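Thanks for asking me to look this one over. Please have the sequence and the model open beside you as you read.

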Amino acid sequence: MKKEGISVKTIVAIGIGAAVFVILGRFVVIPTGFPNTNIETAYAFLALISAIFGPLAGLLIGLIGHAIKDFTMYGSAWWSWVICSGIIGLIYGWIGRRLNIEGGKFNVKDIVFFNATQIVANILCWAVIAPILDIVIYSEPANKVFTQGIISASLNIISVGIIGTLLLKGYAATKVKKGSLYKE
């Protein structure tokens, strides 16, 4: 009986993915004016990497990348949002399993599916789970954290919808489509 485990390729992707997540989260953000709420490019990248390497990689990249970003920026992690970064990476990986980007396919139907599911996932993570965890873990005021959550969900939906879709489309375009090569 063969024991399946996590591949070396996936482990390397997790390390590199977390590092890129930190860099994007630290240096490629656009402030919104609302405290600790930015337009984040890291989540579009997380969507791509999670779709390629799967839910476990997405979960770990989100958790590790966000935790390191917080520690390097603030000296400690904001665990409620770190957990949600892991959850959203897991969901992006699940979404990616239903796409065929490795087969060079990312058509209009796939784009609609990706964006419909990422919208629901972002609302669930950032507008529901993160604020509830903020209240439970940190005793934060509900009106503040739900406002932050709604703003973050909206901005991540836009960022992932535009940048993430372009990244997935570009990645799929680099792959050979099944049946496109033939022997003469």
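Here are my notes on one helix, the core and the cysteines.

1. A reminder before we start: this is a predicted model, and the values below are computed from it.

2. Let's begin with helix 2, residues 42–53. With 12 residues at 1.5 Å each, helix 2 should span 16 Å, and its end C-alpha atoms do lie 16 Å apart, so expectation and model agree.

3. How many of the residues of helix 2 are buried? The count is 12 of the 12, so helix 2 is largely enclosed by the rest of the structure. Among these buried residues are Y43, F45, L46 and F53. They pack against helix 1 (8–27), strand 2 (38–40), helix 3 (55–74), helix 4 (79–97), helix 5 (108–138) and helix 6 (142–173).

4. The largest nonpolar core has 36 residues, and Y43, I88, Y92, I101, F114 and W126 touch the most other members. Helices 1, 2, 3, 4, 5 and 6 each give two or more residues to this core. Helix 2 gives the most, with 10 residues.

5. Setting aside neighbours within four places in sequence, I88 is in contact with Y43, L46, A121, N122, C125 and W126.

6. For anyone thinking about cysteines, the structure holds zero disulfides. The sulfur of C84 has its closest cysteine sulfur in C125, 5.1 Å away, which is too far for a bond because a disulfide needs the sulfur atoms within 2.5 Å. C84 is buried, at 0% relative accessible area, and C125 is also buried at 0%.

Methods. Residues are numbered from 1 along each chain as its sequence is written. This is a predicted model: local features need pLDDT of at least 70, side-chain atom pairs count only at pLDDT 80 or more; totals for chains, interfaces and linings use all residues. Side-chain values use heavy atoms; hydrogens and water are left out. Helices (H or I, at least four residues) and strands (E, at least two) are DSSP runs, numbered from the N terminus. The expected span of a helix is 1.5 Å times one less than its number of residues. Buried means under 20% relative accessible area, exposed over 50%, partly exposed in between (1.4 Å probe, protein chains only). Contact means heavy atoms within 4.5 Å. A nonpolar core is a set of buried Ala, Val, Leu, Ile, Met, Phe, Trp, Tyr and Cys residues joined through side-chain atoms within 4.5 Å.
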